[in-house]
Amino acid sequence: MGVPSNQSASTGTVAKWDSRFAGHVPHNASYYSKCILGGILACGLTHTAICPLDVTKCNMQVNPDKYKGLVKGLRLIIAEEGSQAIWKGWLPTFFGYSAQGALKYGLYEVFKDQYANMLGKDNFEKYKGLVWCAASASAEFFADIALCPFEMVKVKVQTAPHGTFPVAFGQAWSQMNVQRVETGFPYRSIIPLWSRQVPYTVAKFFFFEKIVQLFYTHIFTQPKDSYSKTTQLGVTFASGYSAGVICAIVSHPADSVVSLLGKPANKGKSLGQIINETGFVKLATKGLGTRIIMIGTLTGLQWWIYDTFKTALGMGTTGGK
């Protein structure tokens with residue numbers, strides 16, 4: 001007679017539940033490596049693709065009296081600096097968000113399994129939402145350390161008045177390093193970056209997982225694997241877009257502060273000074289509409305790319321009932 005899968009063949013004792021082997025495929029080193037690569041594709045490609053929106057949004061935050069809307073802002077930048085100006089900072093964007101995506105998605109899977117195993121099967125099922133939050137926050141903490149220097153270069157390139165700062169990535173990086181006393185390069189922005197990205201990522205992963213769960217509980221009520229990959233990826237995109245709208249609202253004030261740190265007029269000022277001078281209402285609302293469009297689309301596409309990559313490798317889509 002065979003031994004049940006949850007028992008040890010040699011002793012007959014019940015084996016300890018392990019989150020790494022509870023899903024569609026085992027979560028081993030190969031699985032985590034593929035998640036890292038999927039994260040690079042999801043974040044690096046999408047952030048680079050929306051660079052024109054990012055350039056406009058950052059300038060709206062730094063100089064709201066001049067750049068008064070998305071379309072007007074884009075037209076003004078092109079009129080003053082040429083059509084290539086809306087792609088300023090695309091290379092530090094690609095490098096920075098590729099590094100961030102690798103750690104964000106890869107470490108999320110690692111931490112999620114680790115925290116689930118610490119709680120055990122029953123407690124994990126009971127407190128699954130807390131595990132999603134803790135795992136995503138832990139992953140983003142390390143992801144932002146990788147992102148911060150590139151983000152500082154990107155913001156400076158995108159918001160410096162035309163002709164006052166190098167646009168080419170290598171020259172801009174060198175200039176930031178030369179002026180590190182003034183710019184605080186490479187980690188002056190790490191605290192506002194954590195303040196922006198950790199709440200954003202917690203919302204991004206928690207609400208994504210939760211909305212996916214709601215889809216498969218109340219709308220697509222048959223077993224998840226019974227639905228086509230197209231349907232599953234549609235659920236992924238819709239869940240990602242919805243989560244992205246919430247993320248944009250939650251993280252916008254800190255995003256405004258990150259942009260304002262690159263403004264020449266704020267050189268040498270503390271975070272408290274910048275916040276007090278700008279006012280929380282303006283920090284929370286200026287450029288928010290643009291950011292909702294940008295982050296909603298961005299987050300939906302990121303999850304769609306990530307899950308498409310996972311599906312192509314036989315790993316299945318993220319989340320479920």
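Author: This is a predicted model, and its largest pocket is lined by 30 residues, with Ala 22, Gly 23, His 24, Gly 319 and Gly 320 lying nearest the centre.

Reader: Which elements give two or more residues to the lining of that largest pocket?

Author: Five helices do so, namely H4 (90-119), H5 (121-126), H6 (128-159), H9 (190-219) and H10 (229-261).

Reader: OK, and what is the lining like by class, and what is the volume of the largest pocket?

Author: Its lining is made up of 12 charged, 11 polar and 7 nonpolar residues, and the space in the largest pocket comes to about 850 Å³.

Reader: What about the second largest pocket, which residues lie nearest its centre?

Author: Lys 156, Met 176, Thr 183, Leu 261 and Gly 262 are the ones nearest the centre, out of 21 lining residues, and the volume of this second pocket is about 320 Å³. By class, its lining holds 9 nonpolar, 6 polar and 6 charged residues.

Reader: And which element gives the largest share of that lining?

Author: H6 does, with 4 residues, while H6, H7 (169-178), H8 (180-183) and H10 each supply at least two.

Reader: Switching to the packing, which residues touch the most other members of the largest nonpolar core?

Author: Tyr 105 and Val 153 do, within a core of 40 residues. Two or more residues of this core come from each of H1 (29-49), H4, H6, H7, H9, H10 and H13 (288-312), and H6 gives the most, with 9 residues.

Reader: What is Val 153 in contact with, leaving aside its sequence neighbours?

Author: Beyond the residues within four places in sequence, Val 153 is in contact with Pro 92, Phe 169, Ala 172, Trp 173, Met 176 and Phe 185. Met 176 in that list is also one of the residues lying nearest the centre of the second largest pocket.

Reader: One more, then: is Lys 104 buried or exposed?

Author: Lys 104, which lies in helix H4, counts as buried because its relative accessibility is 1%, and the cut-off for buried is under 20%.

Reader: What does the side chain of Lys 104 join in a polar contact?

Author: It joins the side chain of Glu 140, in a polar contact of 2.8 Å. Setting aside neighbours within four places in sequence, the residues in contact with Lys 104 are Cys 43, Ala 139, Glu 140, Ala 143, Gln 197, Tyr 200, Thr 201, Lys 204 and Phe 205.

Methods. Residues are numbered from 1 along each chain as its sequence is written. This is a predicted model: local features need pLDDT of at least 70, side-chain atom pairs count only at pLDDT 80 or more; totals for chains, interfaces and linings use all residues. Side-chain values use heavy atoms; hydrogens and water are left out. On a 1 Å grid over the protein atoms alone, a cavity is a set of points where a 1.4 Å probe fits but cannot get out, and a pocket is an open set with protein on both sides within 12 Å along at least five of seven lines; lining residues have an atom within 4 Å of a point. Grid points are joined across faces, edges and corners, and a volume is the space filled by probe spheres set on the points. Ala, Val, Leu, Ile, Met, Phe, Trp, Tyr, Cys and Pro count as nonpolar, Asp, Glu, Lys and Arg as charged, and the others, Gly among them, as polar. A nonpolar core is a set of buried Ala, Val, Leu, Ile, Met, Phe, Trp, Tyr and Cys residues joined through side-chain atoms within 4.5 Å. Buried means under 20% relative accessible area, exposed over 50%, partly exposed in between (1.4 Å probe, protein chains only). Contact means heavy atoms within 4.5 Å. A polar contact is a pair of N or O atoms within 3.5 Å; within protein, one must be able to donate a hydrogen and the other to accept it, and residues adjacent in sequence count only if both atoms are side-chain atoms.
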